[in-house]
Amino acid sequence: MSSKIPGVIQNVDPQELYDVMCGAASQDPALMEKSTFRLKIMLDYFGAFDALHEIAAQKSVPLPVRQQSIIQFKNAALSHWRSRRLVSDEHRIRIRQRCLSFLDEPDDIIAECNEIIVSKIARQDYPNNWSYLIPDLRRTIEENLRARYSTAVPDERSALVLVRSLRLVNEVLKEFGSIKMPGGMKTMAKIVEDLHLDFYGYYAKLGPTITSTLSPETVNQPRVAEDLTISHLVFKCMVKMTTWVWHRPTMDEVAKFLDWAKQFFRDSAVQLQALSELRINLLIALRSANANVDAIGRRNIDLLTRHVRVFGKLFRRFQQLDVKRFVLLEGCSDLVFYYWSKVVQATNSPPEFVEDSPDAVFPVRFLVQAMVLFKENLAQWAPVRKDGSVNENMLSKDAVENAVQLLVTRFIPLNPSDLEEWMADPDEWVNEEDKENDHWEYEVRPCAERVLMTLANQYKDYVVPLLAETFKRVISQPTTDLASIVQKEAVYCAIGRCAIRLKDVIPFDQWLEHTLVPESQETNPSYPIIKRRIAWVIGKWVSDSCASPKNPTIWQVLVHLLQDRGPGSDAVVRLTAVAALRECVDTIDFDPNIFAPFLPPAMKELLALLAEADNLESKRRIINTLNSVVERSGTLIVPFLGAVTEPLPNLWSGAGEDWLFKASLLTTVEKLLQSSQEHSRPLTNIVVPLVQECLSPGARLQLEEDGLSMWQVAMRNAVSLDSGDGGRSLLELLPIALTLLAEDLDVRAQVIGIVESYLILDATRVLQLCAVDLFNSYVKALPQGVSSDQKSMLGTLQLLVQIAPPQLWAEPLHVSGLFPLLMKPLVDDNISVTLLTEHVYVLARIVLADRDMFLRLMSAASISMNTPEITLWEALLDQWWQRFDNMSEPRYRKLAAMSIANLVSTGRPEVLERLHSEIFNLWLDVFGELKEAKEQADGHAGLEGPAITLFWDRNEPDSVFYQESQDTPERTRRQAIFDNDPIRTVQLTAFVAARLQEAEASLGGGNVIQTRYLAKADPLVIQQIQKLLASGL
């Protein structure tokens, strides 16, 4: 075989490609692997797609080879259809022509692939480059329909071509119907214009054929199956066209089709009723006669069932897209009432008539469609319209009450299959129940519950008294046999679903005390049905704020249901109680002190259930509840830290690659850290390995964000870097943080916060361990970071300089090159004003912390930057003055004033030369702010509060300073840093006066400053400075 030459596109060898496809379709694993590898290379050859399509089109080629060829074409060619490197215009023309040669293809796999291929190519090429596609398909359908129904002699090829053509049209309509761009929508409008009348006429002829020919005597005939298939495909095309039109009533190209769409709806409503009655009567007749239905007959029944269901999908789609217009359609109310009448008929029929099966008299899916249509239309029959007027079309009281009775007695109760699934796999049954809450439109029981809720909302004056009376009757009757237990469970379900409407008529606390408590302790083997619903209804009433979680009896019942393992209980009850516990805990009115007596048994049982759970979904449910209990219990959870963390390692290792469950476990640890706060020190032993695991190569993609979040919470709640028992230390993770800080832009913002927390917790120890490594990370991160990250990093450096001894950070600043990096933007003046200001803050902090160290750093930077020291000083002082006006917070302006005073005290001539101008002006500005703030405070002394906010001396810094550390030990540490800041503790005038004296002394005393540097100063300015220094501000 030839090898691929880099940069050169080779022409495919059709014979070699055929041989490769034969090998790829063979049963020899070695040959198949070799051929597959070669195929991947050859697909990058010019002409490969055309040759592949040609192989698939040749019926003389073995079927597996043809199937493999068209599958490979579908998977590879469509994404490169526009590529001139692989496909020429001639290839595209041949492929498009060849696509229509598959209309008589007998193999379904090849035909289905061709449908996708045609639709995807049409999306790009129709109508400009494939103008004949729709006309050719339209002509083919017309000719074969005429031929089929003009003779009684069956023609299998004609039927096949007809079906394949209709499937192609359906797929093309589906593809163009999904386009949102104007050009594609205009093309779709043109397709609708070309096809809608023809297809409308086709179905007008085909529809009556079904109702006139299908009977118990003809159900097993093959021609009936063909007629049903053809009719079904024509109608599906119509559905796609009309729903597309219905969804775009304001589009200019669509306006002319709206009346036709409405007519189609009216005709479809009539046809649906005819087909539905035909189907019901046919199946009843077949059951009554015990008729023999063969495979063709079963297929015909399935086709008829699917055909009836597609009508329901049409109506539901119209309703979903615009319910206000839907209810105004002619015949809409009659249609919905017809659907509801089938629900009533199903209720009055033998139970075996209702099944989730295509050959049931009343398939569950059909009934669900009926209920959903009825539910969504109830608003139009509400007693009072939204504008407050009385609705003349409202449902009667009898109709509403009958609907409620039907739902509660027939569709909401658990059926035998539900109970069988419950017993077979309790864990999975609970999981499926939760899913039904999200997919209620597809299951009859949850759908019935939603219909009941809507009836209660729209007809509360009828439904509430009825449910209240039903409730009183049910709780007063003995419940011992399975039938009465199932019916009571359904009533409890109704009460839970309609809690908001019933809270004023049902005394929940009384019901709880006198009925639910005794029932929760019942040992009847069938009582898990009731107990599960008791847990659910408590959770529903409390979460809907219809009952107060401050009632201790609620916790008594739920904890009992959690721990009950005797007769009358099972895993479903316990898992439902787990969910209910979470709903009750996650409420505004939850009081941890009331829950406190129940916390020990609740924690014990949750941990026991966690160990017993058979699948990860159940474990995740329990973990989520555990997390909520931990979070809402606060420090009450501290005694249980060991018990909660003990099973976590085994749960973690057992979860494998179930990342969602592992994320739940990380949330558990995070909640424990948040709740235990200063008591969280023992958790270090589990935090460290979990963070290491989350940031390992195999798990990082899935768990990095959760792991970093937990790490940050651990740092904020820590009181020491060590676990306290000689175990793990948070310092073990610091190298990981520094690596991420230097290299990972995506998580840098989070890592900056973590590093800052390390410094706030124990800056001395961190710097002793890795000061140079820390600053090296900053050297790598600062130049490449986004501006927000750069600002955060500079803020962290300010904190470090403020709280750590200079001898720990000064030399590493130079050795790492970080100090020159801080100076360079001041010299180059090439970054934003905001960041330049932040650079000045950091340098000001260094000056304030140790001016002599700053001088040495400047001198060393001059050498490393190969820049004269005078240039560095001039750049620094220029930026210091220019950025002063950008310092919005008074505390930073005071920092600038104090730090420049420290520089003055060094006697550096570069600094003193600016004393009479920039530095005096800077001090006067800050002194003025201090004086104004003091006068305002004095003027409002004795009043309840000042007329304006005194920004100079706020007791609290801004929220950015706290970095979301509220309610953690780190908040206390940050507050201490703020309170002990020299900016807040040192009197500025005394500080400046002392620094001026030191400057005088550094120059040998006498009046050197006055004669050398202040000779040009305005005497009034000097006098003002002297007066302010004496004022004691």
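**Contacts, helix packing and backbone features**

User: In this predicted model, which residues does Ser757 touch, not counting residues up to four places away in sequence?
Analyst: The structure is a predicted model, and in it Ser757 has its place in helix H36, which spans residues 748–784. Once residues up to four places away in sequence are set aside, Ser757 touches Gln712, Met715, Arg716 and Glu970.

User: With the side chain of which residue does the side chain of Ser757 make a polar contact?
Analyst: Ser757 has a relative accessible area of 0%, and is therefore buried, the cut-off being under 20%. Its contacts include Gln712 and Arg716, but the polar contact in question, at 2.7 Å, joins the side chain of Ser757 to the side chain of Glu970.

User: How are helices H16 and H20 oriented to each other, and what is the handedness of their crossing?
Analyst: The axes of H16 (residues 397–411) and H20 (residues 460–476) come within 10 Å and cross at roughly 45°. That angle makes H16 oblique to H20. As for handedness, the crossing of H16 and H20 is right-handed.

User: How many nonpolar, polar and charged residues does the contact of H16 with H20 have?
Analyst: From H16, the residues that take part are Lys397, Val400, Glu401, Val404 and Gln405, and they meet Tyr462, Val463, Leu466 and Leu467 in H20. Sorted by class, the contact of H16 with H20 has six nonpolar, one polar and two charged residues.

User: Is Phe411 buried or exposed, and what separates its C-alpha atom from that of Ala490?
Analyst: Phe411 has its place in helix H16, and its contacts beyond four places in sequence include Val343, Leu367, Met371 and Val444. With a relative accessible area of 5%, Phe411 falls under 20% and so is buried. Although Phe411 and Ala490 are 79 residues apart along the chain, their C-alpha atoms are separated by 8.9 Å.

User: How is H14 oriented to H15, and what is the handedness of the crossing?
Analyst: Helix H14 (residues 332–347) and helix H15 (residues 364–377) pack at an angle of about 135°, with their axes 9 Å apart. That makes H14 oblique to H15. The crossing in which H14 passes H15 is left-handed.

User: How many nonpolar, polar and charged residues does the contact of H14 with H15 have?
Analyst: On the H14 side the contact is made by Cys332, Val336, Tyr339, Trp340, Lys342, Val343 and Ala346, and on the H15 side by Phe366, Leu367, Ala370, Met371, Leu373, Phe374 and Asn377. By class, the contact of H14 with H15 has 12 nonpolar, one polar and one charged residues.

User: Which two residues are joined by a cis peptide bond?
Analyst: Most peptide bonds are trans. Here, Pro127 has its place in the loop between helix H6 (108–125) and helix H7 (133–149). With omega at about 0°, the cis peptide bond joins Tyr126 and Pro127.

User: What is the phi of Asn866, and what is that of Asp967?
Analyst: Most residues other than glycine have a negative phi. Asn866 lies in the loop between helix H41 (851–864) and helix H42 (869–882) and is exposed, with a relative accessible area of 70%, while Asp967 lies in the loop between helix H46 (959–962) and helix H47 (969–979) and is exposed at 62%. Neither residue is a glycine, yet phi has a positive value in each: for Asn866 near 55°, and for Asp967 about 60°.

Definitions and conventions
Residues are numbered from 1 along each chain as its sequence is written. This is a predicted model: local features need pLDDT of at least 70, side-chain atom pairs count only at pLDDT 80 or more; totals for chains, interfaces and linings use all residues. Side-chain values use heavy atoms; hydrogens and water are left out. Helices (H or I, at least four residues) and strands (E, at least two) are DSSP runs, numbered from the N terminus. Buried means under 20% relative accessible area, exposed over 50%, partly exposed in between (1.4 Å probe, protein chains only). A polar contact is a pair of N or O atoms within 3.5 Å; within protein, one must be able to donate a hydrogen and the other to accept it, and residues adjacent in sequence count only if both atoms are side-chain atoms. Contact means heavy atoms within 4.5 Å. Axes are lines fitted to C-alpha atoms, for helices over the stretch in contact, and angles run from 0 to 180 degrees between N-to-C directions. Angles under 35 degrees count as roughly parallel, over 145 as roughly antiparallel, 65 to 115 as roughly perpendicular and the rest as oblique. A crossing is left-handed if the near helix is turned anticlockwise from the far one by less than a right angle, and right-handed if clockwise. Ala, Val, Leu, Ile, Met, Phe, Trp, Tyr, Cys and Pro count as nonpolar, Asp, Glu, Lys and Arg as charged, and the others, Gly among them, as polar.
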